[in-house]
Amino acid sequence: MLDTLELQGNKLEGEIPSSFFDLKRLNILSLSFNNLNGTIQLENVQKLVNLTTLDLSYNNLSIKTGGNHSGLHPFPKFSALGLASCKLRNFPDLKNQTQLFDLDLSDNQIGGEIPNWIWKVGNGSLRYLNLSLNFLENLQEPYVIPSLTYLDLHSNHLRGKLPLPPDTALYVDYSSNYFSSSIPVGIGNNICSASLFSVANNNLTGTIPISICNASYLKVLDMSNNSLSGPIPLCLIERSDRTLRVMNLGKNRLSGNLSGTFKKNCRLRTLDLRDNQLEGKVPESISNCTWLEVLNLGNNQINDTFPCFLNNSTNLYVLVLRSNMFHGGIKCPGVNKSWPPSLQIIDIASNNFSGALTPKYFLKWKAMMDDLEQEVKHLQFYILRNSYYQDTVTVRNKGLEMDLVKILTVFTVIDFSMNNFDGNIPETIGELKSLYVLNLSHNALTGSIPSSLGNLKHLESLDLSVNELIGKIPQELASITFLEALNLSYNMLTGKIPSGNQFTTFAETSFEGNEGLCGLQLNKSCSDIAETVPMFKDKHPHPEDGKKWEFLSAASVGYVVGVGFVIGPLFFCERWSKWYWKHIDRVVLWIVNQKGYGSRNYKRKACKKPIQRH
């Protein structure tokens, strides 16, 4: 007689044959991860009196539970029961299960409270309990959590105090609920053996208890997206040479300097401290974390220069420094010092970085030059029993902020926007053939748009707005067939806007603020527009500007001043004010051109927006 039937992980379809429930000697029935459908009455299982393992998880089944399981055919004595994603609306009656070791009721539609009898299931033998992804609201009192090794309650509606896990737990996930207490002072003693402890996405307050450092086997610590305050315990930084791989304390109200020393042989792979109130400088000792893959310090109050010491982090995929007070150039001194070649997401927007963009640096980012036909992977970290920790990052794409819950190792972003970079856009950016998002907006970049950007065949979003770019829009940009978002507004571009592919679909706002542009997108015929000189801008003058102005005739300058004196009384009228600046700009530019100095170095940055702080 058949004892074991394991068909999990196939592509089976249709209903489960009723004959399966007549296999009286069956001990193991595993049909999980298929495409089976239909409705199953859980009472049917009562016929399988020898069954110890039943797993129907992750199909398209609807499991119905009855109210009375006592009778001639009680439930068999399960050791493992998996009913995940089975559209359950109630807890099955398992009160009489005395040998249950493993129970998975996750990803169902169970609401209300967690009954206190569930902790007594198995008479103390229960080790694995997964109730995640339901609609549970509270824990029925009184309750005592048994000696579980795996406890997963994430993504419910649980409220109130944070339950103390048992000190036997290896995996504790309370994330994405509505717990609103402080973290218990002695929590570290309860998770002393845990590999993962997550309380992310709750409403927790207070400080991070020092006892957390007693959890000496932690690989993943995630307390992100709460209202925790105070400093980061020094011991968390200084124990990074042990087992800790992921430390996510982002989206809280943590304050103070980012102090402490990351020890030699630091094993951190993810350090996420974004959206706090951290100050000071980036510790140079973070260069000891040579396995670091994700570093996110965005939206803090860090006042420092670019952390060139990160060049030792040769595994760094994601670097986010946005919305701080970083300043100075991003060129690292020294022959062998450059940014890590593995970088694929670089976000240093909304700081005070300045200087020119060094062309050779873009050639160092080999990971952005890879062909997209490489194997697609996620940045994730294996914990235990098919459990993975997924890194997340927030990027600006197509004008919107979006959270990448799963960071693809082929997704590439460069965001240098809202800084003070000047000089030309390097042609070498065109070598980054796997780039998805390029944002250089709100800087003081000059020169023309490199035609090499047309090589970025996978580019989906390009923002070069609010700079001092001149010349024509390269026709090569029209060949980027994946381009969905384009912003070239408020520069000094001239000529006809390219046509073809997506270019004809972009709105007028993509090109506004460029007096010399024409084309269908602006509803402006190129035959009707004369060759005009861009408006005068005074931001970022050329070093020799003062010398060149000395040669302007006093009479010519006097004419402009005189006109200003006459028009002065009308200046406070908005309409006259616009007229004045429009025509005086043209007069001054005419004078400059008559002297043969051109117009490139005499541009008034009328559209430069202030650097925003978040």
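In what order do the three strands of the open sheet with β2 in it stand? The order is β2-β4-β6, and the pairing is parallel. The structure here is a predicted model, so to speak: local features need pLDDT of at least 70, side-chain atom pairs count only at pLDDT 80 or more, and totals for chains, interfaces and linings use all residues. Residues are numbered from 1 along each chain as its sequence is written, and side-chain values use heavy atoms, with hydrogens and water left out.

Back to that sheet. Strands here are DSSP runs of E with at least two residues, helices are runs of H or I with at least four, and both are numbered from the N terminus; two strands pair if DSSP finds at least two bridges between them. β2 (13–14) and β6 (60–64) sit at the edges with a single partner strand each, so one side of each has no neighbour in the sheet. Two bridges hold β2 parallel to β4 (residues 35–41), and Gly-14 is found opposite Leu-36 of β4.

A second open sheet of three strands, again with parallel pairing, runs in the order β37-β39-β40. Its edges are β37 (470–471) and β40 (516–518), each with a single partner strand, so one side of each is left without a neighbour in the sheet. β37 runs parallel to β39 (residues 492–496) and is joined to it by two bridges, with Ile-470 having Met-492 as its bridge partner.

Parallel pairing turns up around β27 too. Strand β25 (residues 327–328) is joined to β27 (residues 352–356) by two bridges, and Gly-328 stands opposite Phe-353 there. β27 also pairs with β33 over three bridges, in the parallel sense, and in this pairing Gly-355 faces Phe-421.

Then there are the rings. Across the whole structure, 15 aromatic pairs come up (rings of Phe, Tyr and Trp, the last by its six-membered ring, with centres within 6.5 Å; planes under 30 degrees apart are stacked, over 60 edge-to-face, the rest tilted). Phe-75 and Phe-78 make a tilted pair, 6.1 Å centre to centre with 50° between the planes.

Another tilted pair is Phe-362 with Phe-416, at 6.5 Å centre to centre and 40° between the planes. Phe-362 belongs to helix α3 (residues 359–362) and Phe-416 to the loop between β32 (413–415) and β33 (420–424), so the pair ties together parts 54 residues apart in sequence. Phe-362 is buried at 3% relative accessibility, and Phe-416 is buried at 1%. Ring pairs also put Phe-362 and Phe-416 in a cluster with Phe-306, Phe-326, Phe-353, Trp-365 and Phe-421.

Phe-362, Trp-365 and Phe-416 are also among the residues lining the largest cavity, which holds about 40 Å³ of space. A cavity is a set of points on a 1 Å grid over the protein atoms alone where a 1.4 Å probe fits but cannot get out, and lining residues have an atom within 4 Å of a point. The whole structure has two cavities of 30 Å³ or more.

Finally, two charges sit over rings (NZ of Lys or CZ of Arg within 6 Å of the ring centre and within 35 degrees of the ring normal): Lys-95 over Trp-117, at 5.2 Å from the ring centre, and Arg-159 over Tyr-178, at 4.7 Å.

Note on methods:
On a 1 Å grid over the protein atoms alone, a cavity is a set of points where a 1.4 Å probe fits but cannot get out, and a pocket is an open set with protein on both sides within 12 Å along at least five of seven lines; lining residues have an atom within 4 Å of a point. Grid points are joined across faces, edges and corners, and a volume is the space filled by probe spheres set on the points. Buried means under 20% relative accessible area, exposed over 50%, partly exposed in between (1.4 Å probe, protein chains only).
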